[in-house]
Amino acid sequence: MSKRELLAIALIGVGVGAAHAQEVRTSTLVIDGQRDKTYSNQKISTTSGPCVRMSNSSGIDLSNLQIGPCGTDNSQQDSQGILISNSQNWRVVDSYIHVERKASGCCDTHSGIVVRNSDDGLIQGNVIGFNETNIEVASGNGRSRRIKVIGNYLLNPRGPMPRGQNLQIYGENENLLNDDIEVADNYAITDPKINTALSTAQEDSLSFGYDSNTRVLRNYVIGGQSTSGAAITFDQGMVSGDMIDNLTHQFNAGTQFTSGTGKITGNKNLVTDGVPNGAGIIVGTLGFATSPCRGITVSGNVSASTSAG
């Protein structure tokens, strides 16, 4: 089955189609100070500003939405698909999120879903592609807790570096850690053949830093051409986390654990032969890391290499 067919199946699987887009909106959907509301069956696109901006809210359900394109091309103006801040008990489910327009520089102005200082969130069953970073849980001068990212189809992040992740969950510093993070059963792919009109520039595919109690489980991660990026990375400032039963086929490294404590168990990694620094599993502190690796258990993993092409 081709990757294009897989994409079509994923779109059908989350119910993304014209029949579900009952309302068409061409300006930002603003959700501020709201409680226990559902927003669904809308097609939202903007030429300036994010498609959805949610703040200071709780009990919000975003479902069956078509979001994108959003904002301004080749700029650093806010053009996110969904921007969530200072909110609790929220869900983004069964939607298609594609900003498409390119950021001219870093960071997070053109990402698909951006979460800042928000708790008890669920991102599940979405197709999220063609964004600066597809999902970015950033600091926003605070921390996010109890976040679940489950069963999404993530594809072709556009960058530019240091963004370009299918998913990145990165806290502010060692005093403001994201906590209780679960990323499970996602399919993350980078392949420029999926849409040749929209360039892709992936770095690490699933990236984590300044987090604690993080669980990365049963994800399938494939593609990317960066010689510095890995399929799954625990980057600087990690306190604790586990990588368990993931399947990766990355151009460079498979699973990379550079700080904190935890387990690398049952992963299967296929990497491209002859790539500088390529490896199935990397354990070691990077030069810029602020905390060392310690107490890491590596067991039951399988790594192999394949030729490029």
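The largest nonpolar core of this predicted model has 43 residues; a nonpolar core is a set of buried Ala, Val, Leu, Ile, Met, Phe, Trp, Tyr and Cys residues joined through side-chain atoms within 4.5 Å. Buried means under 20% relative accessible area, exposed over 50%, and partly exposed in between, using a 1.4 Å probe and protein chains only. In this predicted model, local features need pLDDT of at least 70 and side-chain atom pairs count only at pLDDT 80 or more, while totals for chains, interfaces and linings use all residues. Residues are numbered from 1 along each chain as its sequence is written, and side-chain values use heavy atoms, with hydrogens and water left out.

**Nonpolar cores**

- V52, L62, I82, L167 and F208 have the most contacts inside the core of 43 residues.
- Strand β5, residues 58-67, gives this core its largest share, 4 residues; strands (E, at least two residues) and helices (H or I, at least four) are DSSP runs, numbered from the N terminus.
- Leaving out residues up to four places away in sequence, L62 touches I31, Y39, V52, I82, R91, V92, V93 and S95, where contact means heavy atoms within 4.5 Å.
- Another core, of 10 residues, lies apart from the largest one and includes Y187, I189, L198 and I222.

**Disulfides**

- The whole structure holds 2 disulfides, each being a pair of cysteine sulfur atoms within 2.5 Å.
- One of them joins C51 and C70, with the sulfur atoms 2.1 Å apart.
- The torsion about the S-S bond of C51 and C70 is about -110°, so this disulfide is left-handed.
- C51 lies in the loop between β3 (35-44) and β4 (52-55), and C70 in the loop between β5 and β6 (82-85); the pair is 19 residues apart and links distant parts of the chain.
- C51 and C70 are both buried.
- C106 is joined to C107 by a disulfide with an S to S distance of 1.0 Å, and this link is right-handed, with 65° about the S-S bond.
- C106 has a relative accessible area of 28% and is therefore partly exposed; C107, at 30%, is also partly exposed.
- Counting bonded cysteines along the chain, the disulfides follow the pattern 1-2, 3-4.

**A buried arginine**

- R158 sits in the loop between β14 (153-155) and β15 (167-170).
- R158 is buried but has no salt bridge, which would be a side-chain nitrogen of Lys or Arg within 4 Å of a carboxyl oxygen of Asp or Glu.
- The nearest side chain of opposite charge to R158 is D73, 5.1 Å away; Lys and Arg count as positive and Asp and Glu as negative, while His and the chain ends are not counted.
- Beyond its neighbours within four places in sequence, R158 is in contact with residues including E100, E132, F130 and L198.
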